[in-house]
Amino acid sequence: MSKTLIKNAEIVTVNEENEIFYGDLLIDNDRISQIDSHIQDIDVDKVIDARHKTVIPGFIHTHIHLCQTLFRGQGDDLELLDWLEKRIWPLEASHDEESSYYSAMLGIGELIRSGTTSVVDMETVHHADSAFQAIATSGIRALSGKVMMDYGDEVPLLLQENTDTSIQESVDLLEKWHGHDSGRIQYAFSPRFVVSCSEDLLTEVRDLSSHYNVHVHSHAAENTGEIEIVENRTGMRNVVYLDHIGLANERLILAHCVWLNDEEKSIIKDRGVKVSHCPGSNLKLASGIADVPDMLDKQLQVSLGADGAPCNNNLNMLNEMRLAATIQKPKHGPTSMNAQAVLRMATIEGAKAVGMENEIGSLEVGKKADLSILDLNDFHVYPSFDVDPVSRIVYSATSSDIETTFINGTPVMEGRVMKTMDKNI
Ligand code: GUN
Ligand code: FE
């Protein structure tokens, strides 16, 4: 058992009332056990003086491909389907056990340095086990799974899977990793997108995700060409088709959702499907701007992700929050997507997406101690001005402002020094 006391901090709770609390926070083993203006007279193993510093919940990044970290920079000149066929799929096919491990480890290093404590990850067809090893070693909280792709002529031979093998390998990985380290690691079935999946495969995934009570992680309505392929094959829009299969439910996390029509939005809302908004990737791949204010008006559940390194060049959720806010303002006006709303998308809404809103996503007594300590004092504000700390975080903070990050009460980065990563990363 170990106790760490963080003292004199500005605590951005992201609780229901979005309270900002000034005082102390006690970490007891893996959980937050007390938040109070002054905690004293207790025995602790360590005290961190956080005077003039800010404590925030760890970011929950709901769509990434750790396997793509090594492919950063691959293309700002192709739209989605060409980019997959010409660049990304051949590169994914070239991965081996070792490169998959290092790709994941390097990505996790960037994530932890920029305050992300949980990810929803999609791996390659092969070598997903290596990514799970990296996740296990690094200490990050993750839902991950091998990507499934058993359909389509465009898929390179090396990645083409037989339906049964795809299912069997997924189940083997699930049985090996789901629940590892007291639930820090979970399995998520990962049919890549309808374009690359047969109906048999999607139907099996529906049954297995319900049997094992695990999430399903996929892409949908990212690009107009992708939508056309799905419509030509099924006669339906992406989300309508997923609903027709029976996959649209509260365990489904759909990345992008740029081009949803009203019918798809109402399915997403009614079935409790979770949307992962990836603004940086949607801009770089010229996919479009997802109308998130409209989704929120219609009560869809939207969280935030950065997507893989080649889609964005940046895995940093601080960057993603800033984009999520700023890209909407020209169309929806200055009050749309305020700083509180995007911070909630990056934290508590992510927790809801992974079904862990009682465990992570805000700084509250009893929750897991997944949090970061930021030093935002590089920004000179007139001392008597009343500056909203959340606005300061969303619009000004960079990863170098993050000094310390805890996951499950363990310091994974302390004083900007990574603690849990392999020494040779
Ligand atoms: N759709 C299917 N696969 C991918 C991928 O790897 N990245 C993105 N951005 N979209 C996808
Ligand atoms: Fe993606």
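Let us begin with helix 1, residues 80-94, which gives the most to the shell around ligand 1, with three residues. Helices here are DSSP runs of H or I of at least four residues, strands are runs of E of at least two, and both are numbered from the N terminus. Please note that this is a predicted model: local features need pLDDT of at least 70, side-chain atom pairs count only at pLDDT 80 or more, and totals for chains, interfaces and linings use all residues. Residues are numbered from 1 along each chain as its sequence is written, while chains are lettered from A and ligands numbered from 1 in the order in which they are written.

Around ligand 1 we find H65, L80, L84, I88, R192, F193, H219, E222, S281, D307 and C311, each with its C-beta atom, placed from the backbone, within 6 Å of the ligand. Five of these residues are nonpolar, three polar and three charged.

The unreviewed UniProt entry annotates H63, H65, H219 and D307 as "binding site"; such annotations may be inferred rather than shown by experiment. Although spread over 245 residues of sequence, these positions cluster in space, with a largest C-alpha distance of 11.6 Å.

Is H63 buried or exposed? H63 counts as buried because 29 C-beta neighbours lie inside 10 Å, the threshold being 20 or more other C-beta atoms within 10 Å. H63 lies in strand 6, residues 59-64.

D307 is placed in the loop between strand 14 (301-304) and helix 12 (309-312). D307, too, is buried, with 28 such neighbours.

Conventions
Buried ≥ 20, exposed ≤ 12 C-beta atoms within 10 Å, placed from the backbone. Nonpolar A, V, L, I, M, F, W, Y, C, P; charged D, E, K, R; others polar.
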